[in-house]
Amino acid sequence: MEYHHLSAEELQSQIQQTKQKEAQLKQALSERREVEKLGLAQEIRHMIEERGHDLEEIAEQLLPRRLRGAVLKKPRKFGSGRYTRYVDPDNPDHVYVRGVLPSWMKDKMAALGLDPNNKEDRDFFKANHMQVFPG
C-alpha cells in the first residue's frame, strides 16, 4: 500500500489500526502457546506413564542438580504446626493463625462489640466464636 497520498489523520489511523492488530496477534499467540504447552505436557505425561515411571521422579530429573529435591518437596499443608489455627465456623475458608487480624475477623469482632485492638477481646473472640483447626 502506498502511503504518500494519505493525510496525517489517515496515517495516524493506519498506525492505530496496526497497533490494535498487533495487540490482537500477541493475544492470539499467547493463547496458542498456552494450548501448545498443555498439549506437550499431556504428551510427556502420557509417555512417562506409558513407560511405567513416576511423573514426579521424572520431573525432578529435569531440574538442575542443585534444585533437585528442594523444589519438588511437598510443602507442609499447614506450616510447622507450632501455632494454633482458628477457623471461622460460618466460613471454613476463613482461617486465622497469627499476626495481623484479617478484615473478616475484625468485622465479626466489631459486630459483637469487641475491640480487635484489645488482647482480651481477641482472646475472648477466639475462645468463644472460633473453632480450633483440627490437625
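**Figure 1. Overview of the predicted model.** Of the 135 residues of the protein, 13% count as buried, where buried means under 20% relative accessible area, exposed means over 50% and partly exposed lies in between (1.4 Å probe, protein chains only). The model is predicted, so local features need pLDDT of at least 70 and side-chain atom pairs count only at pLDDT 80 or more, while totals for chains, interfaces and linings use all residues. Residues are numbered from 1 along each chain as its sequence is written, and side-chain values use heavy atoms, with hydrogens and water left out. The secondary structure comes to four helices and three strands, in the order α-α-β-β-α-α-β from the N terminus on. Helices (H or I, at least four residues) and strands (E, at least two) are DSSP runs, numbered from the N terminus. Among contacts between residues at least 6 apart in sequence, 24% join residues at least 24 apart; contact means heavy atoms within 4.5 Å.

Figure 2. Helix H3 spans residues 103-111, and its buried residues are Trp104, Met105 and Met109. Seen down the axis of H3, these buried residues fall within an arc of 135 degrees, so they line one face of the helix. The arc is that of the directions from the helix axis to the C-beta atoms. An α-helix has 3.6 residues a turn, so residues three or four places apart point the same way. Ser103, Asp107, Ala110 and Ala111, on the other side of H3, are exposed. The cover over the buried residues of H3 includes strand S1 (86-88), strand S2 (91-96) and helix H4 (119-129). After H3 comes Gly113, with a positive phi near 80 degrees.

**Figure 3. The largest nonpolar core.** This core has nine residues: Tyr86, Tyr96, Leu101, Trp104, Met105, Met109, Leu114, Phe125 and Met130. H3 gives the largest share of the core, three residues. A nonpolar core is a set of buried Ala, Val, Leu, Ile, Met, Phe, Trp, Tyr and Cys residues joined through side-chain atoms within 4.5 Å. Leaving aside neighbours within four places in sequence, Tyr86 is in contact with residues including His94, Tyr96, Lys126 and Met130.

Figure 4. Asp121, Phe125 and Lys126 are the buried residues of H4. They cover an arc of only 135 degrees around the axis, which puts them on the same side of H4. On the other side of H4, Lys119, Glu120 and Ala127 are exposed. S1, S2 and H3 are among the elements that cover the buried residues of H4.

**Figure 5. Lys126 in helix H4****.** Lys126 counts as buried because its relative accessibility is 17%. Apart from neighbours within four places in sequence, Lys126 is in contact with Tyr86, Tyr96 and Met105.

**Figure 6. Arg98 and the ring of Tyr83****.** The charged end of Arg98 sits over this ring, 4.3 Å from the centre. A charge sits over a ring if NZ of Lys or CZ of Arg is within 6 Å of the ring centre and within 35 degrees of the ring normal.

**Figure 7. Gln14 in helix H1.** Helix H1 covers residues 8-50 and includes Gln14. With a relative accessible area of 26%, Gln14 is partly exposed. The C-alpha atoms of Gln14 and Tyr3 are separated by 9.6 Å, and the two residues are 11 residues apart along the chain.
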